[in-house]
Amino acid sequence: MNALRTELEDLHSQVIEWRRHFHKYAELSFREFDTSDFIEKQLKSFRNIEVSRPTKTGVIGTLRGSGAGPTIALRADIDALPMTEANDLPFASVNKGAMHSCGHDGHAAILLGIAKLFAEKTDRLNGTIVFIFQHAEEVPPGGAAELVEAGAMRGVAEIYGLHLTSNLPTGTFGLLDGVLTSATDRFDIAVVGKGGHSSQPEQCVDPIVAAAQIVMGLQTIVARRISAYEKAVVSVCAIRGGEAYNIIADEVSLSGSVRTFSRELRGRMPALIEEIAEGIAKSAGASCKVSYEKGYDSVVNDAALTDAVRGAITEWFGNGAIQELQPIMPGEDFSAFTEATGCPGCFVQVGTRNEAKGAVWPHHNANYLMDEDGLLYGMGLFASIIEKKLLTKPR
Ligand code: NI
């Protein structure tokens, strides 16, 4: 086993401790005040790292090596979700209504571990590492775009990120060259009718019936308007309207989300939704207004970087540790670091599933548990990439 791996194993218990600290004091998106202060404090306690706070709760550490090689960014998101933890753990979240059920506590701890590891190796570092602790991944417009806006990616030649996942067993890495995550958009539809007495619908325009038809009509987008070779989801997730059992409502509002993988199809979606909603509303004598809001772009993994990651993982963990992925539906604002800047990136899934430890729950579930052995593999991923790209041999 190489020396770096041994050093990581020595750091593992420290990283678990950090992860548990973040877990216990979980904070919501854009409000990661204690979390970011803790990260800043840790980074400053390592040698050689310049720390900056370009946004209220985002933290960036810069580690300059002795060589003039490229600048590589490693990114961790740090926010929790608005839910209350169901687990009875000694480090369960004490912040009611905030829980690290997506594993971002682990992401932040892993990146701190990597910062600590390489902070002692600037003499062997042929280039610069930028550690991006990104706030607010869970809530669009997301923290990544803000950090890019604030100049976090200036001079960065490549960026890497990871997500721990209970979909893959501990010890494995999910890789995909190309489009990895869906683009995540939102729509809202207001259907306006004319309210009145329930016994005299002929004097009214019932927006509830029109809205119901619109919900059904939207189902035909995926079923009838899109090629079977394309992937998309259109979900209506909220309906609001009506007050009483005997009053026909004035207005109904619908909200929903759209997931797509191809840019071309994403571009067609607003018009398809508008055409169906407006057409149905008109046929009912109602009117309707559709608003469409773009969320995160798809994460698109660069071919050359993915190839390099494949090589790095294989060197450290063997070829059997790699699982080839299919595109996944959950969105990710890691895309903002690459789409807006043109910087190539690679985003890797790292397994933390372990049946023996009960670490099998889906993310965003109040029972979510993480196999903390997966933290070691997360560190291994970043360390093997940096070793391959920037580290010179020990003298
Ligand atoms: Ni997440």
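Predicted model: local features only at pLDDT ≥ 70, side-chain atom pairs only at ≥ 80, totals over all residues.

Biologist: Okay, which protein donors does the nickel ion have?

Modeller: The donors lie 2.1 to 2.3 Å from the nickel ion. In sequence, the donor residues follow the spacing C-x1-H-x58-H.

Biologist: Is His 104 buried or exposed?

Modeller: The cut-off for buried is under 20% relative accessible area. His 104 comes out at 0% relative accessibility, so it counts as buried.

Biologist: Let's go to Arg 19. Which helix is it in, and is it buried or exposed?

Modeller: Arg 19 is found in helix α1, residues 3-24. Leaving aside neighbours within four places in sequence, its contacts include Phe 91, Asp 105, Met 370 and Glu 372. Its relative accessibility is 3%, so Arg 19 counts as buried.

Biologist: And how do α1 and α9 lie relative to each other, oblique or roughly parallel?

Modeller: Helix α9 covers residues 373-389, and its axis is 9 Å from that of α1. The two pack at an angle of about 130 degrees, and the crossing is right-handed. Given that angle, α1 and α9 are therefore oblique.

Biologist: Which residues of α9 make the contact with α1?

Modeller: From the α1 side, the contact uses Leu 4, Leu 8, Glu 9, His 12, Val 15, Ile 16 and Arg 19. By class, the contact has 8 nonpolar, 2 polar and 4 charged residues. On the α9 side, the residues are Asp 373, Leu 375, Leu 376, Met 379, Gly 380, Ala 383 and Glu 387.

Biologist: There's another helix pair, α5 and α6. At what angle do they pack?

Modeller: Helix α5 is residues 207-225 and helix α6 is residues 263-283, with their axes 9 Å apart. Their crossing is right-handed. The pair is oblique, and the angle is about 140 degrees.

Biologist: How many nonpolar residues does the contact of α5 with α6 have?

Modeller: Among the residues that meet are Ile 214, Leu 218 and Ile 221 in α5, and Met 269, Leu 272 and Ile 276 in α6. Arg 225 of α5 and Arg 268 of α6 take part too. The contact has 3 polar and 3 charged residues, and the nonpolar count is 11.

Biologist: Now Ala 115: which residues does it contact, leaving aside its neighbours within four places in sequence?

Modeller: Ala 115 is found in helix α3, residues 104-119, and at 0% relative accessibility it counts as buried. Its C-alpha atom is separated by 36 Å from that of Arg 263, 148 residues apart along the chain. The contacts of Ala 115 are Leu 43, Phe 46, Ile 49 and Phe 131.

Biologist: Last one: what does Ser 166 touch, not counting residues up to four places away in sequence?

Modeller: Ser 166 has its place in strand β5, residues 158-169. With a relative accessible area of 1%, Ser 166 is buried. It touches Thr 352, Arg 353, Trp 361, Pro 362, His 363 and Tyr 368.

Technical notes
Residues numbered from 1 in each chain as written. Heavy atoms only, no water. Donors = N, O, S within 2.8 Å, 3.2 Å for Na, K, Ca; no water. Buried < 20%, exposed > 50% of the residue type's maximum accessible area, 1.4 Å probe, protein only. Axes fitted to C-alpha atoms, helices over the stretch in contact; angles between N-to-C directions. Helix = DSSP H or I, 4+ residues; strand = E, 2+ residues; numbered from the N terminus. Parallel < 35°, antiparallel > 145°, perpendicular 65-115°, else oblique. Left-handed = near helix turned anticlockwise from the far one by under 90°. Contact = heavy atoms within 4.5 Å. Nonpolar A, V, L, I, M, F, W, Y, C, P; charged D, E, K, R; others polar.
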